[in-house]
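Me: I would like to learn how to read a protein model step by step. Could you take me through one, feature by feature?

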Amino acid sequence: MVVRAILLAVLCGLGVLIAAQPQDRPFVIRNVRVFDGVSVRQHQSVVVRDGHIESIGPADALVVPDGAEELEEDGRTLLPGLIDAHVHIDPLRTIEALGRALVLGVTTVVTPTIAEPPEGSHLADVKISERSEAHLLVGATGVVDLGHLVTRSNSFVIPTLSVLYRLCETPDAAAVLSSCQEAREAIRQLGAADAVVLAGTDAPFPGTTYDASLHWELEHLVEAGMTPTAALRAATSAAADAFQMPDRGRIAPGLRADLVLVNGDPTSQIRATRSIEAVWKRGVRVPRTPWVMAELCS
Ligand SMILES: [Zn+2]
């Protein structure tokens, strides 16, 4: 018991130290595949300084600043921090929810309402936007071409397939949806019309979470017919554009260093977004176990 208490004291102290450690030294993530929010580039290096992306360029040509820490990440893929375009913040679980989201690479969540969004380097950012109040309830898709409807109205759609698929699999959902196939048909129409589709989870809808569900949503979007690259856009640059967040959603000089490093290539295998190696928010590396620490230390 005493040993456990000492161990916990050491661990918890360490957790605080890790969480508080700022990253003031510039660093370079070397030789990675970069999905820059729009398209893919091979063999790139990205320099981060003072919380922002300083430069990006071919790994063999980029000038590394003096004193920069070099992270050799050959074969991995660097993505902009993911944006969940539609959540509801449960006031009783805000800190835990935003902490878990950040650990799984979701650096920003968009919610229609919240009284006082909490802030911190260990929490996903909260963007409040009434435009986020959008659900795709699919009825008779054969009657209206949803894609043209959305593009004509200069709007966007957050299909929240994670929720739709839960609903359409239950017998009492018949009033809302006649089949899961109609949800897929709606995504196909949106894709064919080049309509803006965003990735959102509707967490904490039963069965969804603020962290893992966005990765599921990306997979659902791909299964419904989007390319992996289009699905990644839906969770990065397209969401940043839709909600007027010009400082994020892309990997480009001057933008926030909200970054996710994954093993493998999610631009061909979308499930690779789950194989997270590192997450940075504003250039600060996120400790990957803060909620485990929080549970141990409470
Ligand atoms: Zn909702």
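Reply: Gladly, and keep in mind that this is a predicted model. Let's start with a sheet: three strands make an open sheet in the order 6-7-8, with parallel pairing.

Me: Which strands stand at the edges of that sheet?

Reply: Strand 6 (82-84) and strand 8 (125-128) do. Each has a single partner strand, so one side of each is left without a neighbour in the sheet. From one strand to the next, the twist averages 25 degrees.

Me: How many bridges hold strand 7 and strand 8 in their pairing?

Reply: Four bridges link strand 7 (residues 106-111) with strand 8 in the parallel sense. To find one of them on the model, look for Thr-108, whose bridge partner in strand 8 is Asp-125.

Me: Now the strands earlier in the chain. In which sense do strand 1 and strand 2 run, parallel or antiparallel?

Reply: Strand 1 (residues 27-35) and strand 2 (residues 40-49) run antiparallel, joined by six bridges. Phe-35 stands opposite Val-40 in strand 2. This hairpin has four residues between its strands, and Gly-37 takes a positive phi near 110 degrees there.

Me: And what does strand 2 do with strand 3?

Reply: Strand 2 pairs with strand 3 (residues 52-58), again antiparallel and over six bridges.

Me: Let's turn to helices. What should I know before I look at which residues are buried?

Reply: Here is the general idea: an α-helix has 3.6 residues a turn, so residues three or four places apart point the same way. Now take helix 5 (residues 180-192), which has 13 residues. From first C-alpha to last, helix 5 reaches 19 Å, close to the 18 Å expected at 1.5 Å a residue.

Me: Which residues of helix 5 are buried, and what covers them?

Reply: The buried ones are Ala-183, Arg-184, Ala-186, Ile-187, Gln-189 and Leu-190. Their cover includes helix 3 (146-152), strand 9 (156-157), helix 4, strand 10 (196-197) and helix 6. After helix 5 comes Asp-194, with a positive phi near 60 degrees.

Me: How many residues of helix 2 are buried?

Reply: Helix 2 (residues 94-103) is mostly covered, with seven of its ten residues buried. Those are Ala-97, Leu-98, Gly-99, Arg-100, Ala-101, Leu-102 and Val-103.

Me: How do I describe the way two helices meet?

Reply: Look at how their axes cross and which residues touch. The axes of helix 4 (residues 161-168) and helix 6 (residues 212-223) come within 8 Å and cross at roughly 75 degrees. An angle from 65 to 115 degrees counts as roughly perpendicular, and helix 4 and helix 6 are therefore roughly perpendicular to each other. On the helix 4 side, Leu-161, Ser-162 and Tyr-165 make the contact. Helix 6 contributes Ser-213, Trp-216, Glu-217, His-220 and Leu-221. Sorted by class, this contact has four nonpolar, three polar and one charged residues.

Me: Can we finish with a single residue in a loop? Where is Pro-266 found, and is Pro-266 buried or exposed?

Reply: Pro-266 is in the loop between strand 11 (259-263) and strand 12 (276-281). A residue counts as buried if 20 or more other C-beta atoms lie within 10 Å of its own. Pro-266 has 26 within that distance, so Pro-266 is buried. Leaving aside neighbours within four places in sequence, its contacts are Thr-77, Leu-79, Pro-228, Leu-232, Ala-272 and Thr-273. Pro-266 and Thr-77 are 189 residues apart along the chain, yet 7.6 Å separates their C-alpha atoms.

Me: How does the protein look as a whole?

Reply: The protein has nine helices and 13 strands. Of its 298 residues, 43% count as buried. Among contacts with a separation of 6 or more, 67% come from residues 24 or more positions apart.

Methods. Residues are numbered from 1 along each chain as its sequence is written. This is a predicted model: local features need pLDDT of at least 70, side-chain atom pairs count only at pLDDT 80 or more; totals for chains, interfaces and linings use all residues. Two strands pair if DSSP finds at least two bridges between them. Axes are lines fitted to C-alpha atoms, for helices over the stretch in contact, and angles run from 0 to 180 degrees between N-to-C directions. Angles under 35 degrees count as roughly parallel, over 145 as roughly antiparallel, 65 to 115 as roughly perpendicular and the rest as oblique. Two residues are in contact if their C-beta atoms, placed from the backbone, lie within 7 Å. Ala, Val, Leu, Ile, Met, Phe, Trp, Tyr, Cys and Pro count as nonpolar, Asp, Glu, Lys and Arg as charged, and the others, Gly among them, as polar. The expected span of a helix is 1.5 Å times one less than its number of residues. A residue is buried if 20 or more other C-beta atoms lie within 10 Å of its own, exposed if 12 or fewer, and partly exposed in between; C-beta atoms are placed from the backbone.
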